[in-house]
Amino acid sequence: SQSRYAAWKDSTRLMSNNNAILNWLESGNFHANKSFHLSSSSVYKDFNAPQKENCKVLEKNKKLELEKFLTELASKKESIHINLRISNVYGMDISYGFIGALFNSIKYGSEVSIFQNLNITRDYIHVHDVIYAIRMLLEVDTDLECINISTGIGTTISQVLEIFARKGYNFEKRKEIDSNLLIKQVSILDCKKLSELINWQPKSLAGVLNELLPMK
């Protein structure tokens with residue numbers, strides 16, 4: 001069997017080089033028994049409770065548009081396609097995102113930007129758990145078009161900073177920034193469907209950081 005993965009941010013990659021990738025995907029030269037799109041929790045609207053796969057999504061969201069395109073493409077080719085909606089990924093070598101910015105500040109002494117609203121809440125998942133989930137889903141038969149990959153645990157900015165502080169990292173070199181109306185206050189994903197398909201026991205943010213961070 002053949003499996004394919006896509007991790008694009010939006011559909012612009014499909015249109016580059018005179019639609020070269022788009023033409024290849026739509027041609028008879030491309031086929032996969034199962035394909036995965038590494039999508040994002042950003043497709044969901046702001047909501048206080050953990051969001052299930054059938055919760056309301058944002059209109060005109062680039063990730064969502066790409067999800068729909070790849071789902072329709074797979075349907076035409078009569079293959080299985082699953083959009084994996086992944087929460088905030090972090091890891092020692094991942095430089096993007098809030099956790100990544102904190103790691104960079106530790107490594108390079110760089111200034112870190114922190115929202116003034118320390119109650120902004122995110123669901124953080126370690127990259128190793130994401131890789132495990134994808135590997136396990138390769139072996140699973142399901143008709144689900146979307147699956148959340150997350151811990152289901154919300155952590156505020158304040159709580160994240162407390163975890164680092166316990167290891168001696170207080171980030172004196174910081175820049176406080178305003179959170180505008182486009183910034184979600186809460187983003188937590190419900191991972192019940194995933195746990196029904198595979199053995200899903202992701203590590204908590206505090207547990208992983210306690211392993212990764214040396215005492216300062």
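## Strand 8 and its pairing

In strand 8 (residues 146-149), Cys146 and Asn148 point one way while Ile147 and Ile149 point the other way, and all of these residues are buried. The model described here is predicted. In a regular strand the side chains alternate between the two faces of the sheet.

Strand 8 pairs with strand 3 (residues 80-86) in the parallel sense, and the pairing runs over four bridges. Asn148 of strand 8 is the bridge partner of Arg85.

## Cysteines

Cys146 has a relative accessibility of 16%, and it counts as buried because buried means under 20%. Cys55, by comparison, has 22% relative accessibility and therefore counts as partly exposed. A disulfide is a covalent bond between the sulfur atoms of two cysteines. With sulfur atoms required to lie within 2.5 Å, the count of disulfides in this predicted model comes to zero.

Just after helix 3, Gly109 takes a positive phi of about 70°.

The buried residues of this helix are Phe98, Ile99, Gly100, Leu102, Phe103, Asn104 and Ser105.

Note on methods. Residues numbered from 1 in each chain as written. Predicted model: local features only at pLDDT ≥ 70, side-chain atom pairs only at ≥ 80, totals over all residues. Heavy atoms only, no water. Buried < 20%, exposed > 50% of the residue type's maximum accessible area, 1.4 Å probe, protein only. Helix = DSSP H or I, 4+ residues; strand = E, 2+ residues; numbered from the N terminus. Pairing = 2+ DSSP bridges.
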